[in-house]
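I opened my notebook to get to know a new structure. Come along and look things up with me.

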Amino acid sequence: MRQIPSIEQLRQRPALLALEMQFGRTAVVDALRAAAADLRARVAAGESAPEDVAATLEAEMSARLASMAAPSLRAVINATGVILHTNLGRAPLARAAVERVAALAGSTNLEYDLEEGRRGRRDVHAERLLCHLLGAEAAVVVNNNAAATLLTLAATAAGREVIVSRGELVEIGGGFRVPDVMAQSGAILREVGTTNRTRTADYAAAIGERTAAILRVHPSNFRIEGFAARPDLADLAALAHRFNLPMIEDIGSGWIGELPPPAALGDEPAPRSSIAAGADAVLFSADKLLGGPQAGIIAGRASLIEAVRRHPLMRAVRVDKMTYAALEATLQEYAAGRAAETIPVARMLALGVTAIRHRAQVLIDGLHGTVAGEILDGFSTVGGGSAPGSALATALVAVSHTSMSATQLEARLRRSTPPVVARIQDGRVVLDLRTVAPADDATLVQVLSGI
């Protein structure tokens, strides 16, 4: 035990002084104490002490400190072919959004009125652009679409009934269910119709003195086919307005690009169309088909949006300056008419098989060493609870290793730098370049060739 130097003696070694410059004194001292304690425990258990204790402890420090300081959130290459991969952060941001976030990382006028020189309001940011793009009277941004639904119902229907079709009482990812969100808002669920068919007359029959609103929910992560029907939004909105009720529509993803949307999106609703059809409030996500940061958007009639703004829950679900920065920059790309080229999600949706096949061949030609590739026909998907059943034709790169199984190779890719997330199909590791940024193709070649 006496061979183990004191912490202060160890700190004076040149290598550890350099580590202090990198990680700080406290981190180095804590790591040294932990390493020395581990060594004492091993020696006490009968293990022989190393010949040069100080050198051994010094060698441990770099790896120990690097592991301790490493961030848990890391950039990865999404080669799964799932455009909106919830587990991988959904929509990748456009370059303009990334640059705006960096530019506004310091002090901003988040809640300061520059014209009047006094405190301002944060809930007005991005509103002008949203109203312009969606044809809405007003709009407000919260931290996700579940919060948008919760807040809107709390502000308009707490203690009263909200009419919803039984076919729309959906569960989204993570076990969140529409009835549960409604219960937390204080609204009372009034179910109408059946799972597969609900008519306007079903809603009309349920309206009474306790009715506060009609809610329509887009079943974005599943599809009912066959003997199924539900009212047009315009008919439902006309019914709601006849009884002076707000018509609220939760559309989930929300495509705000050119209409009609890409064929791959099927019947995904567009917020502009919903507002034009008479919806008083349309709720959707910013980090799905819009291609922006995580946020929920509530757009529609000014009086309803004002009630949302005044509700006490608004402060609990508001967003920060980084979200506003990324969202406004993303919306500006749509307003300028260049989103199809600059928003990654829109670009991935529009990417043709020929272009993907060309990139796949270039990747394969660049491989060397023990990994080889082959092009296969396949399909990408939208993901993120959007366009269920979507299938976009693509060209897959099936990669194989001379001595690793598909499972081993897939795990090795996940643990590479940067991590590459692929999928196994028919016993082979496959990469779909639709969801890989073109700038990452060369990095992907390096990772594969380095295995």
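Here are my entries, one topic at a time.

**Before I start.** I am reading a predicted model.

**The largest pocket.** I began with the volume of the largest pocket, which is about 1100 Å³. There are 31 residues in the lining, and Pro92, Leu93, Pro344, Ala437 and Asp440 are the closest to the centre of the pocket. I then looked up which elements give two or more residues to that lining, and found β1 (77–78), α5 (95–103), α16 (344–350) and α17 (353–366). With three residues, α16 gives the most. As for the kinds of residue, I noted 20 nonpolar, seven charged and four polar ones in the lining.

**Strands side by side.** Next I followed strand β12 (residues 371–383). On one hand, β12 runs parallel to strand β2 (residues 82–84), and two bridges join them. I can find the place by looking at Val82, which stands opposite Thr381 in β12. On the other hand, β12 pairs with strand β13 (residues 392–401) in the antiparallel sense, over 10 bridges.

**Helix α18.** Which residues of helix α18 (residues 406–414) are buried? I wrote down Ala406, Leu409, Glu410, Ala411 and Leu413.

**Nonpolar cores.** The largest nonpolar core has 53 residues, and Leu331 and Leu349 touch the most other members. Helix α10 (residues 233–242) gives the most to this core, with five residues. Apart from this core lies another, of 27 residues, including Ala138, Val164, Val217 and Ile298. In soluble globular proteins, nonpolar side chains tend to be buried together. I went back to Leu349 to list its contacts, leaving aside neighbours within four places in sequence. Leu349 is in contact with Ile83, Trp255, Leu265, Leu289, Val382, Leu392 and Arg434.

**Two cis bonds.** The bond from Leu259 to Pro260 is cis, with omega near -5°. Pro260 is found in the loop between β9 (247–252) and α11 (271–276). The bond from Thr417 to Pro418 is also cis, again with omega near -5°.

**Positive phi.** My last entry is on residues other than glycine with a positive phi. Arg90 has a phi near 55° and is found in the loop between β2 and α5. Ala126 has a positive phi of about 75°, and its place is in the loop between β4 (118–119) and α6 (127–134). Is Ala126 buried or exposed? Ala126 has a relative accessible area of 2%, and buried means under 20%, so Ala126 is buried.

How values were computed: Residues are numbered from 1 along each chain as its sequence is written. This is a predicted model: local features need pLDDT of at least 70, side-chain atom pairs count only at pLDDT 80 or more; totals for chains, interfaces and linings use all residues. Side-chain values use heavy atoms; hydrogens and water are left out. On a 1 Å grid over the protein atoms alone, a cavity is a set of points where a 1.4 Å probe fits but cannot get out, and a pocket is an open set with protein on both sides within 12 Å along at least five of seven lines; lining residues have an atom within 4 Å of a point. Grid points are joined across faces, edges and corners, and a volume is the space filled by probe spheres set on the points. Helices (H or I, at least four residues) and strands (E, at least two) are DSSP runs, numbered from the N terminus. Ala, Val, Leu, Ile, Met, Phe, Trp, Tyr, Cys and Pro count as nonpolar, Asp, Glu, Lys and Arg as charged, and the others, Gly among them, as polar. Two strands pair if DSSP finds at least two bridges between them. Buried means under 20% relative accessible area, exposed over 50%, partly exposed in between (1.4 Å probe, protein chains only). A nonpolar core is a set of buried Ala, Val, Leu, Ile, Met, Phe, Trp, Tyr and Cys residues joined through side-chain atoms within 4.5 Å. Contact means heavy atoms within 4.5 Å.
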